[in-house]
Amino acid sequence: MGTERRRGQSAGTIRPIRYMGDPVLRTEADPVKAFDADLKRLVDDMFASMYAADGAGLAANQIGVSLQAFVYDCADDAGRRHVGHVINPVLTVADGELADDDEGCLSLPGLRFATPRHAHAVVDGADMTGTPVRIEGTGYFARCLQHECGHLKGRLYVDTLTGATRKEALRAVRSATWST
Ligand code: NI
């Protein structure tokens, strides 16, 4: 997810964001098996990289690490802010009405397109210590959860577009300065 204006503090190192066209974004990420100091560093680096790019969510493969993990900092439909990380996330529920709001992605900088997403989502996974967590989101946060789970399966939000919006998106990608 991209272009939410928000910054936070993070101990991590800012790593370069991978752009659409990079194969790591098209590869299903591997499950995390070791809940160790390296994993904590990865989560810190993901937060640092997300905030540096003004993002609302970031998956590990967006900084070139093909592991099942994402971080987020975004608001739900009641305006409540959610900040956290999930390891080995599984999108267990995506239901409610389909909303067609604008969506962006740090891996397709500068672009936003109306993208259909369910209004409610639940993600099951673990935190960086391996403790099971369940995250429930509505509104923009539900959109973020669906978007980040897609990244870890090697998908991008433009894949979900259809018709004229899809054509417009692919044309914009082809002419983008970051496009390879
Ligand atoms: Ni994204």
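Tyrosine 72 and phenylalanine 141 are both buried, where buried means under 20% relative accessible area, exposed over 50% and partly exposed in between (1.4 Å probe, protein chains only). Phenylalanine 70 is buried too, as is tyrosine 72. Please keep in mind that this is a predicted model, in which local features need pLDDT of at least 70, side-chain atom pairs count only at pLDDT 80 or more, and totals for chains, interfaces and linings use all residues. Residues are numbered from 1 along each chain as its sequence is written, and side-chain values use heavy atoms, with hydrogens and water left out.

**Aromatic rings**

The structure holds four aromatic pairs; rings of Phe, Tyr and Trp (its six-membered ring) pair if their centres lie within 6.5 Å, with planes under 30 degrees apart counted as stacked, over 60 as edge-to-face and the rest as tilted. Two of these pairs are set out here.

| Pair | Centre to centre | Angle of planes | Class |
|---|---|---|---|
| Phenylalanine 70 – tyrosine 72 | 6.1 Å | 55 degrees | tilted |
| Tyrosine 72 – phenylalanine 141 | 5.0 Å | 50 degrees | tilted |

Helices (H or I, at least four residues) and strands (E, at least two) are DSSP runs, numbered from the N terminus. Ring pairs join Phe70, Tyr72 and Phe141 into a cluster.

**Nickel site**

Helix α2 also carries histidine 147 and histidine 151, which are four residues apart and therefore separated by about one helical turn. Together with Cys105 (SG), His147 (NE2) and His151 (NE2) are the protein donors of the nickel ion, at 2.1 to 2.3 Å from it. Donors are N, O and S atoms within 2.8 Å of the metal (3.2 Å for Na, K and Ca); water is not among the atoms, so sites may look incomplete. The sequence spacing of the donor residues is C-x41-H-x3-H. Histidine 147 is buried at 3% relative accessible area, and histidine 151 is buried at 0%.

**Largest pocket**

The largest pocket holds about 320 Å³ of space. Of its 20 lining residues, Leu91, Gln146, Cys149, Gly150 and Arg155 are the closest to its centre. A pocket is an open set of points on a 1 Å grid where a 1.4 Å probe fits, with protein on both sides within 12 Å along at least five of seven lines, and lining residues have an atom within 4 Å of a point. Helix α2 gives the largest share of the lining, six residues.

Terms used: Points joined across faces, edges and corners; volume = space filled by probe spheres on them.
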